[in-house]
Amino acid sequence: MIYLLLSSSVYGMTNTKKSQSPAIEVSGKVIDEMGESLPGVSVLLVGTSIGVVTNIDGRYEISVPEEGATLQFSYIGFATQTVEIGNQTVIDITLTQDFSSLEEVVVVGYGTQRKKDLTGAVASADIEAFRESPNVNIMQSLQGSVPGVQIGQVNQAGEEPSISIRGQTTISGNSSPLIVLDGIIFRGRLADINPGDIASIDILKDASSMAIYGAQAANGVILITTKSGKTAKKPTLTYSGSISTQTPTVNARLLNREEVLNKVKDVEYRNAYLAPDYIQPNLDWNFDNSELLPPLRSGVDNGTNYDWWDALTSPGYLTNHQLGISGASEFTSYYISGSHTSQKGFVMNDNFKRTTIRVNIETDITNWLTVGANTFGAFSDHSGVYPNMGALGRTSPLVDPRDENGNLVINHLGDNIVNPFLNAQADDRELKNRLSGIFYGLIHVPKIEGLTYRINYSNNLNWFEDARSNVYDAGLTGAVYKAHARNLDVTLDNIVTYNKRINDHNINATFLYGFNQIHYTRTYAGGQNVPNLALSYNSLEQAIIREIGSNAWEESLLYQMGRVNYNYKDRYIVTGTLRRDGFSGFSRNNKFAMFPSLGMGWVISEEAFLEGSKFDFLKLRASYGQNGNQAGRYSSLARVSAGDESRYVFGDGAPSSPGQSVASLANNNLSWEKTVGLNLGVDFGLFNNKIAGNIEYYQTTTTDLLWNMVLPRMTGFSQIATNLGEVSNSGLEIALQATPIENNDFSWNLNLNFSTNNNKIVTLLGEDEDGDGKEDDLIASGLFIGRSLGTIYNYEIDGLWQVTDDIMDGFSPGNYKIVDQNGDGNISPEEDRVFLGRTEPAYRIGFQNTMRYKNFTFRFFINAIQGGGNRYLGANTTSGIPGTTGTAQNANWFDFYDYWSPNNPDAKYNIPWAPGQINAPRYFSRSFVRLQDISLAYQLRSDFAQQIGVQGLKLFVSGKNILTLTDWDGWDPETGQGIGASNAFPVMKAYTLGIDVSF
């Protein structure tokens, strides 16, 4: 209605102009990046009052007095575009979302605010820039693109990435951020949410903005909003489809036959080569003199060269299909979608399938009552057991997986290592399903302008089925099991909002009262020694050895919240929040908690003294607040165990009977972790907002850390959950957006983000047992007062011992040369360990480029994590590689392991099969720069699209993780996977071809 009225009024102005001079009729269509029409876009003739707005189909017609004029297209939440008309009579425009727009409305929890009015650190993710990327999980679209938000790399099909916001604020407590979906806390897998259904993501980062979620918000809050139908818009049918091929970012492989034979000689160098330098071959030595097991010796003789890595891996693929319908009538809007995603991983049986369906609908029953529902179902299939990766990384090419009859060889190496193919023979079924419904009503209270009441009811049910059978399990006797689990999460929120403007004063108040209950139950049955597995896991009663089990838990929360925003002249802004949380998991003496916060903002650009300056917008912000990190649901209670350790015997020779015993001590004073934080920020826009951005500095302190304190054995318990210690956390974040070029045919947008974070342990137990006047460190736990949680305290390495060196007692050639810090000729943990650095990075940088030329859009995103001098270090060790000469000769490893030998004295890594007195790890920088995302899209002109019967059409190609620059050896620096052979799931690079079409 609004844009129809606007259209009528400005159309009248247009007619007035037409009567004064000859006019040119210009028409066209305005769409968004997804090809959907945009109604209500303002189309203005620059320098005049002539203008129109687009209709429900996104179309417009405007009369201009002469050639050479310029049209301006603007829409809230989208970047404004200007186009010189020239001699054009048809001008189609694609508007792109503008995440720096001051009028943009962002979600802040239980409501929305203009970006201009924010007093806290709230960031909006540019998910549109990554729509063409092959991201199964929406969080992959945030990876490196939002300052202060750390999204981990994934290397398996359907895997959930790790998420953290503004670093680590706890030692042993929960470190995951809170996820809120359409206003309701979401505790499920983010992979259950179809990325194509998501309209926006906002992140609450500072203590003030997070305080609205109280005891669950200390690690940050991610607010996800799904799509809805657009007002007064006819139905639009959209289809999005893509197919991706995936291969490892690192082209590594297991050693082949020739390399393995050389490796055997290197391991056996004292016999296979001649002293004293062990470089010249010993012609009297052959492989019969080695420690190779009989199957491998046979392989040497018969020329066996089996490629285990190639047999158990193959290029992966990812397909995604989504169909959606959205639209609106005068009173009802709707969005309906269905999607199917199928991902085949690089490793055998590493598979993921997901089918989703969503129905979002909202209708105005009367002019004061609105009701709606956001519902979705997600059905995921994770079936399949991948090979034993530890065994795979140690398997020699000198043996085959099958015998001459085609049967799998159990112990193919002739030792206790089992054939990695055996795991993959399992009949496995792993299903994860979810049905979620959010139902709401909104009342605009009659006769009280600005007062609304909203009720949200959410019912979130997810259930799991996990079943497996494998004839090779349980010592080849066969094993089966079947498990079912169910989780029901119910939430009811009552929200009252009052918004009142009196002259220059604007007040917005929000009050909340709600509760949340979660019920979980699981039942398990299984067995071993199964005579017949023809019915797989569907005949558990055949197992001779049987086991059953079940468990359940429940928890509940009760909470109240009040928030008041005050705005004077859009210049001075104050936000105050107070939340009260009650949680069933809190201890008896601490059932409720209070979380206050205060934020203030000063829009300096509204002051008279900045008139005429280069600043289009300048605002200072300061906020302070408290959040919590709640304890586990039963951690304060004395729990009872009924396990095998609790069985007892009545009388001599009697069978054991089931019993119960106290498994933990109660702590009636156990509390939640408390995090208080200060955030200082500045938002700015320069040169007609050609350059915009914000800078944030924050400092937080977490006290009452959740910690399991060790108890003396005489108590009968090993530990008790308690609160102690303090950790501080600080950082700097910078986000910049720039538009260096923007004209009729070409535009160039840059987004740069930078963040750094530092944490420090302030205090722990408060003990000074050595009497030096300083609090003692917990060296065994790697915790040091005044240093970061990721501090590395270990031995300094200075190369490798060589054959010709005067080697320190207790070490051999090929061992790491540990620095003797005190020069006493001995290496000891007390005297020779030093602080080497830390595992946390020094800084993170994300760099997004978007270039548009006519109907083409080219994007690329670079993600970098850097360690500087001694940060972002990782121990790159030979995990999974045997520790004796015999097992090393019979095993295998990947070709990125640059191991020492007399023929390779300048190697990078030690040899674990000749262990020294002390086996110290060596730390290397994990710093990297990655071309993470790149895409090229073509949007078909609307007139051409209409000729082929569609509303919009976009074709695109994209790449992911195409190039990684790093000095790290192994699978990937971001995941920390190094030269070890036990976790060989590579990070994948992908190439994608896709299409978006709307009707």
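User: In which strand is V929 found?

Analyst: In this predicted model, V929 is found in strand 46, which covers residues 928–939.

User: Is V929 buried, partly exposed or exposed?

Analyst: The relative accessible area of a residue decides the matter: buried means under 20% and exposed means over 50%, with partly exposed in between. V929 has a relative accessible area of 32%, so V929 is partly exposed.

User: Which residues does V929 touch, not counting residues up to four places away in sequence?

Analyst: V929 touches I862, N863, A864 and Q866, and also L963, T964 and L965. Distance in sequence and distance in space are separate matters. V929 and G846 are 83 residues apart in sequence, and their C-alpha atoms are 9.6 Å apart in space.

User: D933 also has its place in strand 46. Is D933 buried or exposed?

Analyst: D933 counts as buried because its relative accessibility is 5%, and buried means under 20%.

User: With which side chains does the side chain of D933 make a polar contact?

Analyst: One partner is the side chain of S133, at 2.7 Å. Another is the side chain of Q932, at 3.3 Å. Leaving aside neighbours within four places in sequence, D933 is in contact with F130, S133, R859, F860, F861, G959 and K960.

User: How should I read the pairing of strands?

Analyst: Strands of a sheet pair through backbone hydrogen bonds, either parallel or antiparallel. Here, strand 25 (residues 505–528) and strand 26 (residues 545–568) run antiparallel and are joined by 24 bridges.

User: How many bridges join strand 26 to strand 27?

Analyst: There are 12 bridges between strand 26 and strand 27 (residues 572–583), and these two strands run antiparallel. Y566 stands opposite V574 in strand 27. Strand 26 and strand 27 form a hairpin, with three residues between them. In the turn, K569 has a positive phi of about 60°.

User: Where does the model show parallel pairing?

Analyst: Strand 13 (residues 178–181) and strand 16 (residues 221–226) pair in the parallel sense over four bridges. L178 stands opposite V221 in strand 16.

User: How should I read the buried residues of a helix?

Analyst: An α-helix has 3.6 residues a turn, so residues three or four places apart point the same way. In helix 3 (residues 257–267), the buried residues are R257, V260, L261, K263, V264, D266 and V267. Among the elements that cover these buried residues are helix 4 (269–272), helix 5 (294–302) and helix 10 (885–890).

User: Which residue caps the N-terminal end of helix 3?

Analyst: N256 caps that end of helix 3: a side-chain oxygen of N256 lies 3.3 Å from the backbone nitrogen of E258.

User: How does one find empty space inside a model?

Analyst: Rolling a probe the size of a water molecule over the atoms shows where empty space is left. A search of the whole structure finds eight cavities of 30 Å³ or more. The largest cavity holds about 540 Å³ of space. It is lined by 34 residues, of which R131, G196, S240, N320 and Q322 are the closest to its centre.

User: Which strands each supply at least two residues of the lining of the largest cavity?

Analyst: They are strand 17 (236–248), strand 18 (316–328), strand 19 (332–344), strand 47 (952–966) and strand 48 (988–998). By class, the lining of the largest cavity has 13 nonpolar, 14 polar and seven charged residues.

User: What is the volume of the second largest cavity?

Analyst: The volume of the second largest cavity is about 280 Å³. Its lining has 25 residues, and V154, Q156, Q246, Q343 and M988 are the closest to its centre. Strand 47 and strand 48 each supply at least two residues of this lining. The lining of the second largest cavity divides into 12 nonpolar, 10 polar and three charged residues.

User: T238 lies in strand 17. Is T238 buried or exposed?

Analyst: T238 counts as buried because its relative accessibility is 19%, and the cut-off for buried is under 20%. Not counting residues up to four places away in sequence, T238 touches E36, Q322, L323, G324, V997 and S998.

Key. Residues numbered from 1 in each chain as written. Predicted model: local features only at pLDDT ≥ 70, side-chain atom pairs only at ≥ 80, totals over all residues. Heavy atoms only, no water. 1 Å grid on protein atoms, 1.4 Å probe; cavity = no way out; pocket = protein on both sides within 12 Å on 5 of 7 lines; lining within 4 Å. Points joined across faces, edges and corners; volume = space filled by probe spheres on them. Nonpolar A, V, L, I, M, F, W, Y, C, P; charged D, E, K, R; others polar. Pairing = 2+ DSSP bridges. Buried < 20%, exposed > 50% of the residue type's maximum accessible area, 1.4 Å probe, protein only. Contact = heavy atoms within 4.5 Å. Polar contact = N/O pair within 3.5 Å; in protein donor to acceptor, adjacent residues only side chain to side chain.
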